[in-house]
Amino acid sequence: MNFRSKPLLAALLLAAASATHAQALRVGLAEDPDVLDPTLARTFVGRIVFAALCDKLLEIDEKLAIQPQLATSWEWSADNKALTMKLRPGVTFHDGEKLDAAAVKFNLERHKTMAGSNRRGELAPLASVDVVDPMTVKLNLSAPFSPLLAALADRAGMMVSPKAAQAAGANFGAKPVCSGPFKFVERVAQDRIVFERYDGYWNKANIHFDKITYTPIVDATVRLANLKSGQFDFIERVASSDIEKLQADKRFKIARITEIGYQGITVNIGKSEQAQKNPLGRDPRVREALELAIDRQGLAQVVMDNEATVGNQWVAPSNAFYAKNMPIPKRDIAKAKALLKEAGVPNPSFTLMTPTTSDAQRIALVVQAMTREAGFDVKIQATEFATSLNLADKGEFDAYVLAWSGRADPDGNAFSFHGCKQPLNYAGYCSTETDALLNESRTLRDVAERRKVYEQIAARVLKERPVIYLYHRNWLWAYNAKLSGVSNVPDGLLRVTGLKMQ
Amino acid sequence: MTEYLLKRLAQIVPTLVFVSMLIFGLQQLLPGDPAKILAGEEQDPTVIAHLREKLHLDEPLPLRYAYWVGGVLRGDLGESVRTQQPVLELVVQKLPVTIQLALMAFAIALAIGIPAGIVSAVGRGTWWDSLANGFALWGISTPNFWLGILMILLFSVQLGWLPASGYVSPFEDLRANLSAMIMPAFVLGNAIAAVLMRHMRSAMLQVLSSDYVRTARAKGLRERVVVLKHALRNALTPVITLGALELGTLLSGAVLTEQVFTIPGFGKLIVDSVFNRDYAVVQGVVLVTATAYIVLNLLADLAYFAANPRLR
């Protein structure tokens, strides 16, 4: 090598080094995802990873409106029982296979029939799929089902390569092949999930990273320390107590997005005989008194450092389907005491079961303190999550602090919780009228009409209080201030399209 | 010696059978339905039913044990229901990490604990002794996760000398590997060093007051020879036993330290698997660590022979 070329080489090396650095995105997750097969996947955190790996037929935007992704347009039939979708031309899977109508049919049928599929419920009314032409599919439903679009904007709409899926069988999740902006490279359980850019991606002009690494770190303090020391570019679920300090630090930016889920207290009102043994489960007036004894804003302040929006329904007050006829009740100790007196139990006692997460335990403590003023005697029972889930399902509880990560369509936050004998109905609430209304809401596509039905549902459910809704947490993200293009979608999933390191 | 070794090796088999039954049985006592927790958020009844069938949850316990042991004997530890990865692959991924962390921590513990114990015994009552005792008290009473977080804040966030996380295989990049492992190894080693120091000190004090040491001194041997050659060998026996147990514990994974430093070892794997009721993973990992524990105890017994010629 001659002497003069050395500075040039050095410059090239430097450029290459800084380029590789800028093109890798390192994300810190709060948990380790489960299996990476959209049909079998069951966790919230898994959906964060899927957002870079598997494109969906549809997408939701920051205002929860449905947007095109793999389907460019869609149309309902007059009777709302068929959905015809036009597919995006020129889309390929990571193994080079074409995404066409036959592939969509294969995927939807896989969701419906695969053993252990977690998508069956979301696609329950889907009766059959027709290939109209290579770029058009028709989804035939047994009954109108408006939550379908939101489901197709989530895991039920994720498309995997039919060839790879057939070859891998039940083990597809070990090496998933989708059509998203990034393709799977490797996974070391509890250490890292690595993806690299897919060069054949249909929207690759908007993908500015070559590689993404997801690392699960359960402890929020440690996750943040890793962001601060430069190990990560982006972390999800920052502890609300760390936000104030972080805001003062110019090296980082914060995103705060009201979640589509909620935090609440589920009350056993009919799940088992235990409901009748306790004044709280037996008498709606006692539940009303409990709600009136809680100061939601104070609770959000103490537990979440105000990083939450108070609410009293399964959707946040800003949501299009929030029932305005049922506003958030103000704290009223006098009225709570009067109700308890009327019910003949001035000092009701019950056990509040809570998972062992610090948020849930703090809620229990604050609720205990607040409701004591009205005469309640709350005993707290902190229980490991798997055990608490089992006790809840068997009805061996009085009240249970439980959160829900939320779905884009209100149906996903209401149906399974308030429908008779539905899997997430731990309260044991059951009313044929409410069931009829919940089913009716599924048939309506017009927002105003559907909201009217939800107003009726809210009026019925909130009077019985199977769940006392408390607040909607903020998704708190922190990231390198040089990172731009972060879109604040309320589902709490990081979108990689448009993300760029300056 | 050979006879002794063979006898000990033969004892391993029934011990492992017993351990495997214990692991399997105890796990069944965990409250909560594994199918439910594995079914995730939606709690779809068809998914729960599918998982119950896949995990043989509706079959009698002895039959389920037979399925598992049958697989183990064929070298199949099953697969993680949560991630679909084979348990053997998980163990192979994590074992080298855990071994490296354990050995590094143990080396640090020995390098600090043994000399500190000797110094404090020999200089009993001096300020060396107080210093060593103070260190031991600090080491035993400092929680690992707290020390770990403080070290991250100092060396990673403030000074930027060491990475806060990010395990790299030593075969890929030894420097990066060591810089990621040194803090967790120190945190773990520090606590064990304190325990070793206390034991070393008391064993040494006992030996130093014995007749043969007085004789050795009376012969006019140098203090250095008396302590290191005559006294230390005898004093080491209880420390070796303890050391082997501590090393065994290290090999079963250091849960909190691994969590804090994001070291992908056994500790994190087993805790997450217990919380997720991922039985196959728990069973596989516990079986491997139990085997390691038994083998280490055997090695410790052999080490007595090396340290103490009278036992030969």
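Biologist: At what angle do α8 and α10 of chain B pack?
Modeller: About 155°, with their axes 8 Å apart. Axes are lines fitted to C-alpha atoms, for helices over the stretch in contact, and angles run from 0 to 180 degrees between N-to-C directions. Helices are DSSP runs (H or I, at least four residues), strands likewise (E, at least two), numbered from the N terminus.
Biologist: What does that make α8(B) relative to α10(B)?
Modeller: Roughly antiparallel, the term for angles over 145 degrees.
Biologist: Before I go on, what kind of model is this?
Modeller: A predicted one: local features need pLDDT of at least 70, side-chain atom pairs count only at pLDDT 80 or more, and totals for chains, interfaces and linings use all residues. Residues are numbered from 1 along each chain as its sequence is written, while chains are lettered from A and ligands numbered from 1 in the order in which they are written.
Biologist: Which residues of α8(B) meet α10(B)?
Modeller: Among them are Leu188(B), Ile192(B) and His199(B). On the α10(B) side, they include Ala231(B), Pro238(B) and Glu246(B). Contact means C-beta atoms, placed from the backbone, within 7 Å.
Biologist: New topic. What is the strand order in the chain A sheet?
Modeller: β4-β5-β7-β6, in an open, antiparallel sheet. Strands pair if DSSP finds at least two bridges between them.
Biologist: Which strands stand at the edges?
Modeller: β4 (71–76) and β6 (126–133) of chain A, each with a single partner strand.
Biologist: How many bridges join β5(A) and β7(A)?
Modeller: Five. In one of them, Met85(A) partners Val137(A).
Biologist: Which helix lies across β5, β6 and β7 of chain A?
Modeller: Helix α3 (residues 101–113) of chain A, at about 170° to β6(A).

How values were computed:
Two residues are in contact if their C-beta atoms, placed from the backbone, lie within 7 Å. Angles under 35 degrees count as roughly parallel, over 145 as roughly antiparallel, 65 to 115 as roughly perpendicular and the rest as oblique.
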